[in-house]
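Grab a pencil and work through these exercises with the structure in view. Try each task yourself before you read its solution.

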Amino acid sequence: MQYMKSKHAQILVVGGGPAGSYAASALAREGLQVPFPIGTYTSCRYHIGESLIPSVRHYLRFIGAEQKLAEYGFKHKPGAAIKFNQFKREGYTDFVALGHSNSSWNVTRSAFDKMLLDHAMESGACIHERTRVDSLHFSVSDPSRPVAAEWSHSSKTDHSGVISFDFLVDATGRAGLVSNKCIKNRHYNESLRNIALWGYWSGVGTYGGGTAREGAPWFEALTDESGWAWFIPLHDGTTSIGVVMNQKLYNENRYQAFLSLAPNLTDLIGCGVLVSKPSVDGPLGSMDPLVRSTSDFSYSAPDYGGNSFRIIGDAGAFIDPLFSSGVHLAMTSALSAAASISVAAVWHTRRFSLSYTRFQMVVLSAYKQIWATSLDVLNDVDEDNYDRAFACLRPVIQGASDIGTRLSDAELQDALDFCSKFFSPISPEQHAWALQYGIPRNLCDVSAPLVDPKDIDDALSCAEEHSSLGNPSALNHDARLVMEHVNARRVLHREYAVNNLESEEIGGYVVRLERGSLGLMKVK
């Protein structure tokens, strides 16, 4: 892990978070030379974003790292609970219902990120700690093409230099080496300019203790409709507890007062104590602050690549963490970049935007419920990306006769209402009762295609006519909730498996997920 001595690289990956580590691993496993400067920190660094969704294990399987994650000892995450309405029970997404290999973990990010960095090095990438890229040089003949990077290495004996490259992958996080400092194409979502406050607690309770739900994180809307709170148990015995609110309401001194606006979360805290942890990236022996804060502004860009470069992870786009999608988008964009190295950058932009827009719409639908108002999001949702991400949803929302008309605020609000069913307070028991009531299995299967609401009405009528179970009114109500919930989950379900990149065609191409032949192939 010494400073860079090479003068030239085939592919330079910059930034040592999950996106950079994943891209470096995937590219190095293809036999490519990949110098990997990871910034001013060492391989152990602090980061928030501790709850992973099941897709991560599938992505890690492709680069040979799934078993390392499974065996590390992180807190098992069987699902996630979310409560938007204090007068209704929480909704629960059961990951394990789709198979035990579909569960996930809550992770300590310093340990998780180091695991990924170590795997990148084992895969053949050349890690350079305490090495930052300070600026880029662009081609004289083509000013849009980066060709070299100025770097500096901080140590007892400082070093600096210039390395040229054939290709650049920017994984520099929110700093945005290319998007934020060079091409300046970052667009902030005005509806999601939030601030996060959080700390770590010991001696708290457990959601679902002693049941199959134990280990699942808890998310709860604040009773004053200003934001939401999280409760994520970690393997070191502490629990990450935080709150996200609009920047206009931010006040770091009111952290615990904001938590009191989530009464069920407060019950889970019980007699717990807010604690300070030893710093993982500060001076030896130092302690982290009791309460941390960060801007939580969501942003995206019209392009995530260009001539000889790709932008991945938070360097390109960030969406509010309500749905724990950060590491997923990091790995999706990293694999997209690695697969599209030799083709036009537009494919990578479309692939990254497709995944981002799906999560964006579901997150916005949640905020529409939390704030109990319509959101002015027309300027925050790119119409072309929406068309690609919701091609199967637009006929359901618009009606077949209206397809082809421009995206309107009314359609977006209808789409948000549709996606909001994702958060309905559904239990596995209700799901089982719906099947017993006579609802066709395919209408309760999240992996099945999206269905028209009329099909749900027809299924309910048929079940009510033929069912021998009592209380059809209550059963009809619950069965409708189940089917609408499952239908909304289908919006994101295809994101949950890495082989979606093999099956979801973009511009006539899909990803060839074969080690040694990673790339794009034309759909026949």
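**Exercise 1.** Is Phe 359 buried or exposed?

*Solution.* Start with the cut-offs: buried means under 20% relative accessible area, exposed over 50%, and partly exposed in between, using a 1.4 Å probe and protein chains only. Phe 359 has a relative accessible area of 0%, so Phe 359 is buried. Phe 323 comes out at 11%, so Phe 323 counts as buried too.

Before going on, know your model: it's predicted, so local features need pLDDT of at least 70 and side-chain atom pairs count only at pLDDT 80 or more, while totals for chains, interfaces and linings use all residues. Residues are numbered from 1 along each chain as its sequence is written, and side-chain values use heavy atoms, with hydrogens and water left out.

**Exercise 2.** What kind of aromatic pair do Tyr 207 and Trp 218 form?

*Solution.* First, the rule: rings of Phe, Tyr and Trp (its six-membered ring) pair if their centres lie within 6.5 Å; planes under 30 degrees apart count as stacked, over 60 as edge-to-face and the rest as tilted. The structure holds 18 such pairs. For Tyr 207 and Trp 218, the centres are 5.2 Å apart and the planes are at 50°, so this pair is tilted. Next, find the two on the chain: Tyr 207 is in the loop between strand S12 (194–202) and strand S13 (218–221), and Trp 218 is in S13, eleven residues apart. (Strands are DSSP runs of E, at least two residues; helices are runs of H or I, at least four; both are numbered from the N terminus.) Finally, check the burial: Tyr 207 is buried at 9%, and Trp 218 is buried at 4%.

Now try the rule on Phe 323 and Phe 359: with 6.0 Å centre to centre and 55° between the planes, they form a tilted pair. Ring pairs also link these two with Phe 84, Phe 422 and Phe 423 into a cluster.

**Exercise 3.** How many residues of helix H4 are buried?

*Solution.* Begin with the helix itself: H4 covers residues 109–123, which is 15 residues. Eleven of those 15 are buried, so H4 is mostly covered. Among them are Phe 112, Leu 116 and His 119. What covers the buried residues includes helix H1 (18–28) and strand S7 (126–128).

Conventions. The expected span of a helix is 1.5 Å times one less than its number of residues. Contact means heavy atoms within 4.5 Å.
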